[in-house]
Amino acid sequence: MTQQVALFVTCLVDLMRPRIGFAAIRALEAAGCDVIVPQGQTCCGQPALNSGDRDHAAALAKQTIAALEPYAAIIVPSGSCAGTIRCHYPEIFADDAQWLPRAQAVAAKTHEVMAYLDDVLGWKPDGVSLDATATYHDSCSGLRELGIKAQPRRLLKAVDGLKLAPLAGEETCCGFGGTFCVKYPAISNAIVGEKANAIDATGADLLLAGDLGCLMNMAGKLHRDGSTVRAFHAIELIAGMGDGPAIGEEP
Amino acid sequence: MSGFDTRAAAALADSTLKTAVERTAGTAEAKRTLAVAAFPDFEAARTRAAAIKDHVIAHLGHYLEQFEANAIAAGAQVHWAATADEACRIVVDICRKANAKNVARSKSMLGEEIGLQHALAEAGIGRIETDLAEHIIQLADERPSHIIWPAMHKTREQVSALFKAKHRTPHEEDSIAAMAESARRELREQMLGADVGISGANFLIADTGAVCTVTNEGNAELSLVPPRVHIVTAGIEKIVPSMPHAVHMLRMLARSATGAALTQYTTFYTGPKRAHDRDGPEEMHIVLVDNGRTNMREEGLADMLRCIRCGACMNHCVVFRQIGGHAYGGTYPGPMGAVLTPALDGLAPNRDLVQACTLNGKCQEVCPVRIPLPTLLKGWREKSWREGLEPTSMRMGLGLWAWVARRPALYRLATGLALRAMRLLGRRGWIETLPLAGGWTRHRAMPRPAASSFMAQYRKERRP
């Protein structure tokens with residue numbers, strides 16, 4: 001049975017690393033899904049929500065809900081954007097009788113892509129291989145809002161030839177924090193500096209995570225520090241796209 | 001730069017501070033992890049602890065009246081203070097009536113919050129801090145930087161030098177035991193000579209009228225039992241219904257704070273010395289302090305009144321671990337301080353505290369009473385935004401972004417142009433300096449975006 005799902009690309013993936021969106025489509029199609037990309041989507045409103053700008057957050061949430069609600073399932077290649085829709089949209093409309101049921105309905109069928117592939121579909125990559133050692137960082141929103149921990153590791157374990165090296169402090173925030181990293185750049189730098197050192201100390205070739213914001217922060221710091229560790233969204237490897245350009249290697 | 005930015009920059013440049021914070025917080029984190037793993041169903045225990053506090057906060061008046069009646073029945077005198085100033089006046093008046101020249105104080109964050117040390121100094125009353133870390137702070141003339149380790153910002157090497165400079169007969173050998181002995185020599189005599197002992201309260205037990213303190217040094221007992229008068233200053237949210245509830249909270253407190261099963265000393269003080277007691281104070285006064293707590297309950301911060309001051313949130317906070325406690329500027333640092341300080345001292349001078357957080361959620365994960373600290377911080381951010389306290393650049397930037405993002409066709413056009421401009425700045429996949437994003441590129445490179453957006457590529461390849 002083919003399951004029709006909608007991909008919410010997220011603004012960061014749309015603009016900074018489209019490969020992640022295509023990797024999500026590829027993995028979902030391999031798992032038997034028919035993937036639609038609704039055209040009315042832009043940004044889920046998380047930056048406004050986390051900045052306290054409730055009006056703009058609500059406006060973007062309404063636009064996103066309207067674009068996504070016709071579909072049976074909504075798949076997001078980001079723990080923090082999926083968390084915004086699943087956990088925070090119903091909070092935004094807690095006092096809005098008209099929008100609350102719509103927000104709750106969309107929230108209930110929104111899934112982070114790796115959690116959907118593993119928890120819901122019970123799918124594993126088949127015939128995907130990559131000869132490399134990777135380390136995995138648990139991005140905070142996915143980990144703590146959505147309980148994403150075992151799913152990416154189970155999926156990555158099915159990639160032939162891929163070894164996973166444990167990262168010391170894998171559940172410690174990388175210091176990205178959305179607008180935090182530009183509001184408090186020196187503090188953010190101190191945090192990501194420690195994270196980059198921990199990543200380097202694993203001896204891994206690749207850094208993987210499930211959120212592009214965190215990945216850009218860590219990869220940008222690793223690059224500035226002269227590290228040779230290359231960074232990918234985990235779904236890229238899971239979809240068999242780990243042999244392409246890493247973050248910062250776009251042609 | 002704001003005051004917070006200046007203090008944070010100074011802290012980041014101080015490698016000794018980083019060493020000091022990392023030693024203590026790192027040890028606490030590791031020991032808490034072990035303690036939680038050894039506890040059968042800590043998650044259920046957290047839920048129960050939160051429920052106990054929620055119940056009490058919802059019925060605060062009932063339990064406070066019960067506590068007052070039982071404390072009076074045990075022979076204590078109960079005072080009510082609506083504000084910090086009123087609380088200080090009550091304490092100073094009691095000291096004066098007792099002709100107190102010197103008071104021995106057992107560490108209390110509520111005492112710090114109400115500025116009791118300044119009130120005593122202004123009244124000309126001598127004060128000796130008996131908690132070892134508070135003693136260090138008093139010698140150095142500084143402020144606490146952590147709610148359970150006030151001298152966390154100092155390394156043992158710095159403390160050794162301080163004792164050698166200030167103690168009358170300091171230690172010679174640089175061991176921790178010798179340093180502790182030096183502090184004991186310095187403090188013990190003064191403690192026994194105090195006229196009044198002042199403490200806070202970790203818990204107030206409603207059905208017995210008892211006050212509970214916990215320490216690891218026994219300094220509370222030695223400060224509070226020998227003097228003629230014992231004064232307790234306690235926030236009204238410290239109440240629990242009965243001893244079994246207090247014991248449950250104690251199990252959560254010690255494990256969350258230090259990873260220990262229980263503190264070395266856990267004492268319940270019920271009234272002053274009775275006729276047949278061999279020692280104890282002649283008078284016991286309990287000052288119940290509101291100082292904004294009732295307002296917090298009414299204004300969406302009731303969850304914060306669950307706080308039992310364990311410090312786990314700051315020990316596990318990536319920001320606190322980098323900048324330490326002094327950078328926060330208030331009595332209470334870290335995540336719980338970032339929520340409390342705007343309530344106590346106003347949002348406008350403290351707007352940085354509610355912003356300087358990555359919202360990673362670790363604090364909430366380790367909180368023994370499940371306080372949703374990130375949610376409360378976001379509540380402050382909304383207020384800050386509504387009241388126009390956020391910088392114009394941020395307001396305009398986000399406003400413009402949201403305006404464009406609500407017009408998908410325009411958004412695709414505008415972001416397409418921005419991407420092309422960004423690509424011009426990149427070399428070999430990376431952008432090393434990016435206009436308007438100096439906060440990012442000062443410390444890290446920005447990956448060069450792909451030639452066109454996902455949406456543009458997708459439309460070219462497939463029909464929706």
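This is a predicted model: local features need pLDDT of at least 70, side-chain atom pairs count only at pLDDT 80 or more; totals for chains, interfaces and linings use all residues.

**Exercise 1.** Find where B:Leu436 lies, and work out whether B:Leu436 is buried or exposed.

*Solution.* Begin with the position, which is the loop between strand 11 and helix 22 (438-441) of chain B. Next comes the count: 9 other C-beta atoms are found within 10 Å of B:Leu436, so this residue is exposed.

**Exercise 2.** Determine the order of the strands in the open sheet of four strands in chain B, and explain which strands stand at the edges.

*Solution.* The order is 8-5-6-9, and the pairing in this sheet is mixed. Strand 8 (239-240) and strand 9 of chain B are the edge strands, and each has a single partner strand, so one side of each is left without a neighbour in the sheet. Now take the pairs one by one along the order. Strand 5 and strand 8 of chain B run parallel and are joined by two bridges, with B:Ile205 having B:Val240 as its bridge partner in strand 8 of chain B. Strand 5 (residues 203-205) of chain B pairs with strand 6 of chain B in the antiparallel sense over three bridges, and B:Val211 in strand 6 of chain B is the bridge partner of B:Leu204. These two strands form a hairpin with four residues between them, and B:Gly209 in the turn has a positive phi of about 75°. The last pair is strand 6 of chain B with strand 9 (residues 265-269) of chain B, which is antiparallel over five bridges; here B:Thr215 has B:Tyr265 as its bridge partner in strand 9 of chain B.

**Exercise 3.** Explain why strand 6 of chain B is largely enclosed by the rest of the structure.

*Solution.* Strand 6 of chain B covers residues 210-215, and five of its six residues are buried, so the strand is largely enclosed by the rest of the structure.

**Exercise 4.** Describe which way the residues of strand 4 of chain B point, and identify the strands with which strand 4 of chain B pairs.

*Solution.* First consider the side chains: in strand 4 (residues 196-199) of chain B, B:Val196 and B:Ile198 point one way while B:Gly197 and B:Ser199 point the other way, and all are buried. Then turn to the pairing. Strand 2 of chain B runs parallel to strand 4 of chain B over three bridges, and B:Arg105 has B:Ile198 as its bridge partner in strand 4 of chain B. Strand 7 (residues 229-235) of chain B is also parallel to strand 4 of chain B, through four bridges, with B:Val232 in strand 7 of chain B as the bridge partner of B:Ser199.

**Exercise 5.** Work out where the buried residues of helix 21 of chain B lie around its axis, and what covers them.

*Solution.* Helix 21 (residues 408-424) of chain B has 17 residues and reaches 24 Å from its first C-alpha to its last, close to the 24 Å expected at 1.5 Å a residue. Its buried residues are B:Tyr411, B:Thr415 and B:Met422. They cover an arc of only 15° around the axis, which puts them on the same side of helix 21 of chain B. On the other side, the exposed residues are B:Ala409, B:Leu413, B:Leu417, B:Arg420, B:Ala421 and B:Leu424. The cover over the buried residues includes helix 1 of chain A, together with helix 20 (392-405) and strand 11 (430-431) of chain B.

Conventions. Residues are numbered from 1 along each chain as its sequence is written. Chains are lettered from A and ligands numbered from 1 in the order in which they are written. A residue is buried if 20 or more other C-beta atoms lie within 10 Å of its own, exposed if 12 or fewer, and partly exposed in between; C-beta atoms are placed from the backbone. Two strands pair if DSSP finds at least two bridges between them. The expected span of a helix is 1.5 Å times one less than its number of residues. The arc is that of the directions from the helix axis to the C-beta atoms. Two residues are in contact if their C-beta atoms, placed from the backbone, lie within 7 Å.
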